[in-house]
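Hello,

I am passing this structure on to you, as promised.

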Amino acid sequence: MSPVRRCSRTACGRPAVATLTYVYADSTAVLGPLATYAEPHCYDLCAEHSERLTAPRGWEVVRLLDASAPARPSGDDLEALANAVREAARPQERAAEAGGGARAADPRQVARRGHLRVLRSPDN
């Protein structure tokens with residue numbers, strides 16, 4: 001017997017990552033992190049089946065977040081990343097705005113392209 005729990009869906013052999021339970025009194029399906037041990041009235045699901053889970057009409061699906069799982073990037077995260085890349089592409093404007101226009105040049109610096117610098121070897 002394999003120590004890794006498998007998805008409960010028929011013909012799916014992928015490892016389970018989430019546990020599905022039903023609260024019949026509230027017409028709710030609860031999908032949460034993989035339970036510590038297998039329960040007889042719970043279903044272990046793989047990542048694909050847990051993402052595609054739908055409930056019967058009139059039922060609600062509650063998805064509990066796993067605190068140990070890495071968070072997916074949100075729209076705000078992606079926008080912040082895009083803004084940081086745009087800002088890095090304009091180093092001269094950023095330095096002038098910050099009052100760094102009168103900075104002394106590094107004597108080891110040979111060339112500069114964007115945020116990257118080419119330095120002389122310390123042996124020379």
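**A serine and its surroundings**

Let me start with Ser50, whose side chain comes to 2.9 Å from the backbone oxygen of Ala47. Please keep in mind throughout that this is a predicted model. Ser50 is part of helix α1. Is Ser50 buried or exposed? With a relative accessibility of 8%, Ser50 is buried, because the cut-off for that is under 20%. Which residues does Ser50 touch once its neighbours within four places in sequence are set aside? They are Val17, Ala18, Leu31, Leu45 and Arg63.

**The aromatic rings**

Next, the rings. Searching the whole structure turns up 4 aromatic pairs. One of them joins Tyr22 and Tyr43, with ring centres 6.1 Å apart. Their planes meet at 70°, so this pair is edge-to-face. Tyr22 sits in strand β1, which covers residues 18-23, while Tyr43 belongs to strand β3, residues 43-45. The pair therefore ties together parts of the protein that are 21 residues apart in sequence. Both tyrosines are partly exposed: Tyr22 has a relative accessible area of 31%, and for Tyr43 the value is 40%.

Tyr22 also pairs with Trp59. Here the centres are 5.9 Å apart and the planes stand at 85°, again an edge-to-face arrangement. Where does Trp59 lie? You will find Trp59 in the loop between α1 (47-51) and β4 (60-63), so its pairing with Tyr22 in strand β1 ties together parts that are 37 residues apart in sequence. Trp59 is partly exposed as well, at 26% relative accessibility.

The protein chain has a mean pLDDT of 78, and 72% of its residues reach 70 or more. Which element has the highest mean pLDDT, and which the lowest? Strand β3 has the highest, at 94, and it is the strand that holds Tyr43. Helix α3, residues 91-97, has the lowest, at 54.

Enjoy exploring it, and do write back with any questions.

Best wishes

Notes:
Residues are numbered from 1 along each chain as its sequence is written. This is a predicted model: local features need pLDDT of at least 70, side-chain atom pairs count only at pLDDT 80 or more; totals for chains, interfaces and linings use all residues. Side-chain values use heavy atoms; hydrogens and water are left out. Rings of Phe, Tyr and Trp (its six-membered ring) pair if their centres lie within 6.5 Å; planes under 30 degrees apart count as stacked, over 60 as edge-to-face and the rest as tilted. Helices (H or I, at least four residues) and strands (E, at least two) are DSSP runs, numbered from the N terminus. Buried means under 20% relative accessible area, exposed over 50%, partly exposed in between (1.4 Å probe, protein chains only). pLDDT is the predictor's confidence in each residue, from 0 to 100. A polar contact is a pair of N or O atoms within 3.5 Å; within protein, one must be able to donate a hydrogen and the other to accept it, and residues adjacent in sequence count only if both atoms are side-chain atoms. Contact means heavy atoms within 4.5 Å.
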